[in-house]
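This note is meant for a colleague who is opening the model for the first time. Please read the numbered points with the sequence and the structure side by side.

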Amino acid sequence: MAVYSEEVQPKCCVCISGSHAQPLKTSLLAVFEHLNKNVHKARIDEKNRVIWRDLLLPIPTDPDMKIDVGRIKCPLLVIYGTDDLNWPAAESAEDVSVTVTPVTSV
């Protein structure tokens, strides 16, 4: 949450399989209620593992439902796996990439 801090001024940020899709102007209870509302999107694979990634999909377009990563004033490294079944990391990284100004790509 350094994006909104007045004191914290990071020199770089690293996001590993994360998401910026989280409502900021609401309570933690409301966040859990939102996830619970989408729990029907969870799936079970052939090895009986729960796949949660669809709970946050599609990535919201409402700015109040996302951290404003465009405010990050330092280099940002986003690491994600395209096969992440726990979190929509690839979709979140794609959405972040259209929000921040790229410095360099690896």
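This is a predicted model: local features need pLDDT of at least 70, side-chain atom pairs count only at pLDDT 80 or more; totals for chains, interfaces and linings use all residues.

1. A residue is called buried under 20% relative accessible area, exposed over 50%, and partly exposed in between, with a 1.4 Å probe and protein chains only. By that rule Asn48 is exposed, because its relative accessible area is 62%. Across the protein, which has 106 residues, buried residues make up 25%.

2. Residues are numbered from 1 along each chain as its sequence is written, and side-chain values use heavy atoms, with hydrogens and water left out.

3. The protein has 2 helices and 4 strands, where helices (H or I, at least four residues) and strands (E, at least two) are DSSP runs numbered from the N terminus. Followed along the sequence, these elements give the pattern β-α-β-β-β-α. The C-alpha trace of the protein spans about 40 × 35 × 20 Å along its principal axes.

4. Two residues and one peptide bond deserve a look at their backbone angles. Most residues other than glycine have a negative phi, and most peptide bonds are trans. Asn48, in the loop between β2 (43-44) and β3, has a positive phi of about 65° although it is not a glycine. Ser17, in the loop between β1 and α1 (28-37), also has a positive phi, near 45°, and Ser17 counts as partly exposed because its relative accessibility is 28%. The peptide bond that joins Leu57 and Pro58 is cis, with omega about -5°, and Pro58 belongs to the loop between β3 and β4.

5. How many salt bridges are there in the model? Taking a salt bridge as a side-chain nitrogen of Lys or Arg within 4 Å of a carboxyl oxygen of Asp or Glu, the count comes to 6. Side chains of opposite charge can pair when their charged atoms come close. In one of these bridges the side chains of Arg49 and Asp45 meet at 2.7 Å, N to O; Arg49 is partly exposed at 43% relative accessible area, whereas Asp45 is buried at 14%.

6. Glu91 and Arg53 form another salt bridge, in which the closest N and O atoms are 2.3 Å apart. This pair links distant parts of the chain, since Glu91 sits in helix α2 and Arg53 in the loop between β3 (50-51) and β4, 38 residues apart. Glu91 is partly exposed, with a relative accessible area of 28%, while Arg53 counts as buried at 14% relative accessibility.

7. A salt bridge also joins the side chains of Lys66 and Asp95 (2.9 Å, N to O). Here too the pair links distant parts of the chain, with Lys66 in the loop between β3 and β4 and Asp95 in helix α2, 29 residues apart. Lys66 is buried, with a relative accessible area of 15%, and Asp95 counts as buried at 17% relative accessibility. Salt bridges that share partners join Arg43, Arg53, Asp54 and Glu91 into one network.

8. Rolling a probe the size of a water molecule over the atoms shows where empty space is left. A pocket, found on a 1 Å grid over the protein atoms alone with a 1.4 Å probe, is an open set of points with protein on both sides within 12 Å along at least five of seven lines, and its lining residues have an atom within 4 Å of a point. The second largest pocket holds about 500 Å³ of space, a volume being the space filled by probe spheres set on the points. Its lining consists of 25 residues, of which Ala2, Val3, Pro10, Cys13 and Ile72 lie nearest its centre. The elements that give two or more residues to this lining are β1 (13-16), β4 (76-79) and α2 (89-99).

9. Which residues form the nonpolar patch on the surface? They are Val14, Ile16, Leu77 and Ile79, with about 370 Å² of accessible area together, by the Shrake-Rupley method with a 1.4 Å probe, where for residues only the protein chains shown count as cover. Patch members have over 30% relative accessible area and no salt bridge, and nonpolar side chains (Val, Leu, Ile, Met, Phe, Trp, Tyr) are joined within 5 Å. Strands β1 and β4 are the elements that give two or more residues to this patch. Ile79, which lies in strand β4, counts as partly exposed at 38% relative accessibility.

Methods: Patches are made of residues with over 30% relative accessible area and no salt bridge: like charges are joined within 9 Å, nonpolar side chains (Val, Leu, Ile, Met, Phe, Trp, Tyr) within 5 Å.
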